[in-house]
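Biologist: I have the file open beside me and would like to talk it through with you. Shall we begin with the chain as a whole and then go into some details?

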Amino acid sequence: MSTPPPAAYPIRRLTPRDLTVCADLSEDRGWQREEHKWGLLLTAGQGYGIDDPEGGLVAACVITEYGPQGRPDLGAVGMVLVAARHARRGVGRRMMRHVLSTMGTTPLTLYATPYGRPLYEELGFKVIGRAEMVCGHFTPEAAPPAIATRAATAEDLTRILRLDEEVFGVDRTPLVARLPAFADQLQVAEDDGRLIGYAAAWPNMSTHVVGPLIARDTETAKALVASLAARTDRPLRTDVDLRHEELLGWLKERGLAPVVMNDVMTYGIGELPGDWSRRFAPLTVAAG
């Protein structure tokens, strides 16, 4: 009896208990293990995987849903990975078709690498923007930022959630409410007692990832990044919407170097909801 091809193996739901095999799959494809990030995605989102009869995973992906439970307004697709030994055998296409079928009419978004973009375009995703990842040790400016920032407290969480929904355009409570435990730092910016921005720095291997980064304007975004950088010795890494040219230029002047470009893509919706002018960087590209 012939063995079925990997693309015919059953797809199952992943749970937090699958964290190690997910990290193994990342490593297999030349990515970092990113176990801390996988832990967040497998609890705040829903993972799907294909088991390899020889052990580990053939493929995996995660969908993070935003909006009312059971009828989300938006789904973010991330961590679409196929083991190297099973690449180019239709596994990724089958996984994405499963995602489209599972999500029905829910609009979707994802950040596509140059390698993955052709598949997503074939399935009907459209490019609506780009983001650039930058990374490096941050060199502070001589003068302190003019905008005051401080560490967030438990009393700030409700205001953070309200601002996040206003800027992102959909309710992200299950993700954002995990930030105090997930991130090493959570900073807020205020103007006359009003919350005008917030940002987190969370550990990812040898770096601290800055995200989300939501701010009233570029100067507020700079102040938040500077406040996070002042409290870590690690390199900073973040993914900035290319439309925020001034922030990107400033980050590069301060020591962060370009790493990679990703395309922002959507399915079933022409543009992302919310206010892009205040949305500078995502928590992680895997969660939209």
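Biologist: Among contacts in the protein chain between residues at least 6 apart in sequence, what percentage join residues at least 24 apart?

Modeller: Bearing in mind that this is a predicted model, the figure is 72% of those contacts in the protein chain.

Biologist: And how many helices and strands does the protein chain have?

Modeller: The protein chain has nine helices, together with 13 strands. Its radius of gyration is 19 Å, close to the 19 Å that the globule rule gives for 288 residues, so the chain is as compact as a globular protein of that length. Along the principal axes, the C-alpha trace spans about 70 × 35 × 30 Å.

Biologist: What share of the residues counts as buried?

Modeller: Of the 288 residues, 52% count as buried, while the accessible surface of the chain comes to about 13000 Å², with 51% of that belonging to carbon and sulfur atoms.

Biologist: Changing topic, which residues of helix α9 are buried?

Modeller: In α9, which covers residues 245–253, the buried ones are L247, L248, W250 and L251. Seen down the helix axis they fall within an arc of 165°, so they line one face of α9. On the other side, E245 and E253 are exposed.

Biologist: Why would residues three or four places apart point the same way in an α-helix?

Modeller: An α-helix has 3.6 residues a turn, so residues at that spacing point the same way.

Biologist: What do the buried residues of α9 pack against?

Modeller: Their partners are the strands β6 (126–136), β10 (207–215), β11 (236–241) and β13 (279–281), along with the helix α8 (218–229). Just after α9, G255 takes a positive phi of about 115°.

Biologist: Now I160: buried or exposed?

Modeller: I160, which is found in helix α5 (residues 157–168), is buried, with a relative accessible area of 1%. Leaving aside neighbours within four places in sequence, I160 is in contact with A152, V176, L186, V188, L195 and Y198. For V188, 28 residues away along the chain, the C-alpha separation from I160 is 8.3 Å.

Biologist: And where is N262?

Modeller: N262 lies in strand β12 (residues 257–267) and is buried, with a relative accessible area of 7%. Not counting residues up to four places away in sequence, N262 touches Y111, A112, T113, G129, R130, A131 and D239.

Key:
Residues are numbered from 1 along each chain as its sequence is written. This is a predicted model: local features need pLDDT of at least 70, side-chain atom pairs count only at pLDDT 80 or more; totals for chains, interfaces and linings use all residues. Side-chain values use heavy atoms; hydrogens and water are left out. Helices (H or I, at least four residues) and strands (E, at least two) are DSSP runs, numbered from the N terminus. The radius of gyration is taken over C-alpha atoms; the globule rule is 2.2 Å times the number of residues to the power 0.38. Buried means under 20% relative accessible area, exposed over 50%, partly exposed in between (1.4 Å probe, protein chains only). Contact means heavy atoms within 4.5 Å. Accessible areas come from the Shrake-Rupley method with a 1.4 Å probe; for residues, only the protein chains shown count as cover. The arc is that of the directions from the helix axis to the C-beta atoms.
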